[in-house]
Amino acid sequence: MMARKLLTSVPLMFAALGVSAQHNSELRINEILVKNVDNYVDDYGHRPSWIEIYNGSHSTLDLGGYYLRAITSVDTVMYRIPTGDPKTRITPLGYLVFFCEGTGTKGTLYTNFTLEDIRSVALLNSSGKGTPIDVVELDYNSQQPDVSIGYMTTTDGTERFITLPRTTPNATNDTEPVMARHERFRQMDPYGLVMAFSAVVIVISVLMCLFILFKLLGNYMIGVARRKDKASKAAKAGSAETEDGRSYDSPNTADEIAAIAMALQMYREELHDRESSVLTINRVARAYSPWSSKIYGLRQFNKK
C-alpha cells in the first residue's frame with residue numbers, strides 16, 4: 001500500500017513542478033523606479049524606490065518563498081519574500097509592487113535593500129539559485145528623478161524595456177494611445193492605390209477560381225450524361241437482338257417487303273373464296289315518306 005501511494009504521488013509531484021515552472025515563465029519585472037522624489041507614496045507616507053512584478057498568466061500566482069536579488073557595485077543582497085501572506089498573491093494579469101526602503105521590517109512588501117548604486121535586479125524561484133525568472137540590468141547614475149523604466153509596446157508592435165513617459169505602479173505601462181491598423185495603413189497608402197490594386201487582384205482571382213471550378217464541374221456532368229446515354233443505347237440494342245443475332249429494329253429489305261405484301265394478298269384471296277355467301281347491302285338514296293310511297297300503289301297510264 002505504501003509503495004502504491006509513492007508511485008501515485010511521484011507523477012503528481014512532477015506534474016506540479018512542471019505547472020509551476022510554466023507559470024514562473026509568465027512572471028517578469030515590469031517596472032522600476034530608482035529615484036523616487038515626488039512620485040508614488042507608500043503606506044507610511046514615504047517615497048522609496050520600488051519594483052513592480054507582473055503576472056502574465058491566466059491564473060493566480062503566489063510569490064511567497066521567491067527571492068528578489070539586487071546587485072550593487074560592492075555587494076549582492078537577497079530578499080526572501082515571506083510565505084503565508086495573501087499580499088504576495090498576484091491575480092491573473094495583475095501587478096505587485098515591492099518598496100525598496102532597505103530595512104525589511106515594515107512588512108511583506110518592503111525589501112531589505114535599496115536601489116542606490118544598483119546594477120541589476122532579478123527575480124528568482126524559491127531555491128534562490130539557478131537562472132533567474134527575470135533580470136534587469138541598469139545604470140544607477142543614468143536614472144532620472146521620478147522617471148521609471150519598464151516594458152512598453154513600441155510603434156512597431158514589440159515590447160521593449162525602455163524609459164517610460166510616466167510612472168504606472170500597479171497598472172499597465174502602455175498609457176500612450178496605440179495607432180489602429182487601418183490608420184497605419186492609411187498613412188502608408190494615402191491615395192488608396194495599393195488598396196485598389198489589391199481589390200482588383202482579389203476579385204479577378206476569385207472569378208478565375210469560380211470559372212475553373214464551374215468548367216471542371218460542367219465537363220464532369222457532360223461526361224456522366226454521355227456515359228449514361230451510351231449505356232442506355234447499349235441496353236436497347238441488346239434487348240432488340242434475336243437468337244441469330246439480327247435486330248428487329250433494323251430496316252427491312254425490298255425482298256422482305258415484297259414477300260410480306262404477297263403473303264397478305266394471298267391471305268385476302270383465300271378469305272373471299274371461303275366466304276362465298278357474302279351479302280353486300282347498299283344504301284337507298286331515295287328518301288322515304290308516307291305520302292310519296294302511295295305512288296307505288298297507283299296505276300300508271302301510258303302517256304301518248
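**Exercise 1. The core**

Which residues have the most contacts inside the largest nonpolar core, and how many residues does this core have?

*Solution.* Start with the ground rules. This is a predicted model, where local features need pLDDT of at least 70, side-chain atom pairs count only at pLDDT 80 or more, and totals for chains, interfaces and linings use all residues. Residues are numbered from 1 along each chain as its sequence is written, and side-chain values use heavy atoms, with hydrogens and water left out.

Step 1: A nonpolar core is a set of buried Ala, Val, Leu, Ile, Met, Phe, Trp, Tyr and Cys residues joined through side-chain atoms within 4.5 Å. Buried means under 20% relative accessible area, exposed over 50%, and partly exposed in between (1.4 Å probe, protein chains only).

Step 2: read off the core. The largest one has 26 residues. Ile 32, Ile 51, Ile 53, Leu 63 and Leu 115 have the most contacts inside it.

Step 3: assign elements. Strands E1 (27-33), E2, E4 (67-72), E7 and E8 (118-124) each give two or more residues to this core. Helices (H or I, at least four residues) and strands (E, at least two) are DSSP runs, numbered from the N terminus.

Step 4: look for another core. A second, separate core has five residues, including Leu 33, Trp 50, Val 97 and Tyr 110.

**Exercise 2. Strand E7**

Describe the setting of strand E7 and its pairing with E2.

*Solution.* Step 1: check burial. Strand E7 covers residues 95-100, and five of its six residues are buried, so E7 is largely enclosed by the rest of the structure.

Step 1: check pairing. E2 (residues 49-55) and E7 pair in the antiparallel sense over six bridges. Two strands pair if DSSP finds at least two bridges between them. Tyr 95 in E7 is the bridge partner of Tyr 54.

Step 2: list the contacts of Ile 51. Contact means heavy atoms within 4.5 Å. Not counting residues up to four places away in sequence, Ile 51 touches several residues, among them Leu 96, Val 97, Phe 98 and Cys 100. Its contacts also include Ile 29, Ile 32 and Leu 115.

**Exercise 3. A link across the sequence**

Which residue lies 121 residues from Tyr 151 along the chain, with C-alpha atoms separated by 5.8 Å?

Step 1: name the partner. The residue is Asn 30.

Step 2: Leaving aside neighbours within four places in sequence, Tyr 151 is in contact with Asn 30 and others, including Arg 28, Asp 134 and Phe 161.

Step 3: Among contacts between residues at least 6 apart in sequence, 56% join residues at least 24 apart.

**Exercise 4. Loop residues**

Asn 39, Asp 117 and Asn 170: buried or exposed, or in between?

*Solution.* Step 1: take Asn 39, in the loop between E1 and E2. At 19% relative accessibility, Asn 39 counts as buried. Its contacts, not counting residues up to four places away in sequence, are Leu 33, Arg 47, Trp 50, Asp 146 and Thr 167.

Step 1: take Asp 117, in the loop between E7 and E8. Its relative accessible area is 35%, so Asp 117 is partly exposed. Its phi is positive, about 55°, although Asp 117 is not a glycine.

Step 2: take Asn 170, in the loop between strand E11 (159-163) and helix H2 (181-188). Asn 170 is partly exposed, with a relative accessible area of 39%. Its phi is near 60°.
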